[in-house]
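Please open the model in a viewer and keep the selection panel at hand.

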Amino acid sequence: MNTLFIPYRGDIGDSPMLKLLKDADLSIRHFEAGEPMQSTAAMKSAARNSDGGDFTFLLMSNDTLIPGADCFRRMAAIGYDTGAAMVYSDYLHRDTEGKVTACRLIDMQQGALRDDFDFGLLIAVRTDLMREVADEMTGCYNAAGFYDLRLRLSRKGAIVHINEPLYTIEEQASGTSQHEAQFAYVDPRNRTSQIEMEQACTDHLKAVGAWLKPTFREIDTEAGRFDYEASVIIPVRNRCRTIADALESALGQKTDFPYNVIVIDNHSTDGTSEIIGNLAKTHDNLIHLTPDRDDLGIGGCWNLGVRHGKCGRYACQLDSDDVYSDNGVIQKIVDEFRRQHVPMIVGSYRLTDFNGKEIPPGVIDHREWTPENGRNNALRINGLGAPRCFYTPLLREIGLPNTSYGEDYAAGLRISREYQIGRIYDVLYNCRRWEGNSDAAPSREKMNANNLYKDRLRTWELQARCRMNSENKMK
């Protein structure tokens, strides 16, 4: 008989949930009291106490599970037919007001190393493999136990997504805002759990041959002649409410070297072009570019900017919504390039509302990055931070993908494969959240598309690192 493990709640008696589960012909057990569901101890306990059917089901939530017709039978059948190590499915979500929403998940792939990958809340694991993996788990994690388990399972067999809504979750109220959830991995309060996740991911990368030693190629970022030492690159389309603030922030920088601002105006139609043009009349160091083509995303606009003949030695990011924290930012960035001798530097920023008032979680400084393991941990986290600043000749060479999401992450992963990435932990700009942001209140479909793309970037990068390590061994 297959076993279902559910959170310990004391005596759940004759609840509707328990009746539905009993009707499913399962052996129902609780995760042991006092063990966090995501812990190594909970995973080992479930493996040890499963009744020995082909599959062990894990309900990874305190919310109420309402299994659909044949939910458990369907998951087990697909798992058996495909030889999967683990199976998960789409589901329905009923909120506290009774509204039901279809939650369509995305397929697991080799580079889906995010510890927050959404498997839903009901997971089926092949019992024999779960026991085998549990015996191999050497960590003693409070938060990364399930993450460690599923990484190890992925090395034993496929993790299969059933794109059918097989169950409903009645969710309890949550006090976590969307911003807090999105940036949980950089919240200092979560630092201990993030260290666990990093260790589990590092062990996995070593096991699959993708881990990189802390040895880096050197690069001379001060070679060659440039008319400008730095350029601020600003792609923009239809940001008449914010572009003037961004440009005034960029043009008001104080430096001991010449710099310019390159705006790639991607065919704006709302008055943005006129605002830029008027400022260009009074600022000789403002370059206003309009692409000859109309198929460019943010990455394509960046490529156009950094390949312009007047682009400086270093290319510094400023989004058209945002403003630098003070007038010494560009000087500070260039000083750090000169000191650290790296081809890319990532700063820190503060989340604010449109008027500059700080909003949770506040400062995003990515202190999880370490010089020794940062480029490996970069395959786990969903971003490297901001603002991103690049040594122009190298960025011209590798280019950015012509997308409007993840283009900077792709460049950062590629650079980190060979080079050290420098950090500045001071706040360099204010990232303003408002209804016009491209990532403001994204739909589940958009979030899925974004996450799928970043998982694909990680897959390609992981494969490249495996190949590089293999080739290095043969030398």
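## Confidence first

Begin by selecting residues 10-14, where pLDDT stays under 50 and the model has 4 contacts beyond four places in sequence. Residues 175-180 also stay under 50 in pLDDT, with 10 contacts beyond four places in sequence. This is a predicted model, and where pLDDT is low, the predicted coordinates should not be read in detail. For the chain, the mean pLDDT is 91, and 92% of the residues reach 70 or more.

## Helix H5 and its surroundings

Next, select helix H5 (residues 145-154) together with helix H7 (residues 191-208); their axes lie 9 Å apart and meet at an angle of about 10 degrees. Since angles under 35 degrees count as roughly parallel, H5 and H7 are therefore roughly parallel to each other. To view the contact, show Tyr147, Asp148, Leu151 and Ser154 on H5, and Met197, Ala200, Cys201 and His204 on H7. Sorted by class, this contact of H5 with H7 comprises 5 nonpolar, 2 polar and 1 charged residues.

Is H5 enclosed by the rest of the structure, or exposed? It is largely enclosed, because 9 of its 10 residues are buried. Highlight Gly145, Phe146, Tyr147, Asp148, Leu149, Arg150, Leu151, Arg152 and Leu153, which are the buried residues of H5. Among the elements covering them are helix H2 (40-49), strand S5 (86-94), strand S7 (122-126), helix H4 (127-136), strand S8 (159-170) and H7.

Move on to H2, whose buried residues are Thr40, Ala42, Met43, Ser45, Ala46 and Ala47. The cover over these H2 residues includes strand S1 (3-6), S3, H4 and H5. In strand S3 (residues 55-59), select Leu59. Leu59 is buried, with a relative accessible area of 0%.

Then turn to strand S8, where Thr168 is found. Thr168 counts as buried, at 12% relative accessibility. Leaving out residues up to four places away in sequence, Thr168 touches Thr64, Leu65, Ile66, Leu92 and Arg94.

## The nonpolar cores

Select Ile234, Leu247, Val261, Tyr324, Ile330 and Ile333: of the 80 residues in the largest nonpolar core, these touch the most other members. Centre the view on Ile234, which, not counting residues up to four places away in sequence, touches Ile243, Leu247, Ala250, Val261, Ile262, Val263, Ile264, Leu318, Asp319 and Ser320. There is also a second, separate core of 53 residues, including Ala84, Ala124, Met137 and Leu166.

## Two loop residues

Arg417 is the next selection, in the loop between helix H14 (407-416) and strand S17 (422-432). With a relative accessibility of 15%, Arg417 counts as buried. Which residues are in contact with Arg417, leaving aside its neighbours within four places in sequence? They are Leu212, Arg375, Glu461, Ala464, Arg465 and Met468.

For His308, go to the loop between helix H10 (298-306) and strand S12 (314-317). His308 counts as partly exposed, at 23% relative accessibility. Beyond residues up to four places away in sequence, His308 touches Ile287, Leu289 and Arg396. A distance label from His308 to Ser231 will show 10 Å between C-alpha atoms, for residues 77 apart along the chain.

## Backbone geometry

Most residues other than glycine have a negative phi, and most peptide bonds are trans. The last stops depart from that pattern.

- Pro360 to Pro361: the peptide bond is cis, with omega near 0 degrees, and Pro361 belongs to strand S15 (residues 358-364).
- Ala386 to Pro387: the bond is cis, with omega about -5 degrees; Pro387 is in the loop between helix H12 (374-377) and strand S16 (388-391).
- Asn238: phi is positive, near 55 degrees. The residue sits in the loop between strand S9 (230-236) and helix H8 (243-251), and Asn238 is partly exposed at 25% relative accessible area.
- His341: phi is positive, about 55 degrees, although the residue is not a glycine. His341 lies in the loop between helix H11 (329-340) and strand S14 (344-352) and counts as partly exposed at 45% relative accessibility.

Technical notes:
Residues are numbered from 1 along each chain as its sequence is written. This is a predicted model: local features need pLDDT of at least 70, side-chain atom pairs count only at pLDDT 80 or more; totals for chains, interfaces and linings use all residues. Side-chain values use heavy atoms; hydrogens and water are left out. pLDDT is the predictor's confidence in each residue, from 0 to 100. Contact means heavy atoms within 4.5 Å. Helices (H or I, at least four residues) and strands (E, at least two) are DSSP runs, numbered from the N terminus. Buried means under 20% relative accessible area, exposed over 50%, partly exposed in between (1.4 Å probe, protein chains only). Axes are lines fitted to C-alpha atoms, for helices over the stretch in contact, and angles run from 0 to 180 degrees between N-to-C directions. Angles under 35 degrees count as roughly parallel, over 145 as roughly antiparallel, 65 to 115 as roughly perpendicular and the rest as oblique. Ala, Val, Leu, Ile, Met, Phe, Trp, Tyr, Cys and Pro count as nonpolar, Asp, Glu, Lys and Arg as charged, and the others, Gly among them, as polar. A nonpolar core is a set of buried Ala, Val, Leu, Ile, Met, Phe, Trp, Tyr and Cys residues joined through side-chain atoms within 4.5 Å.
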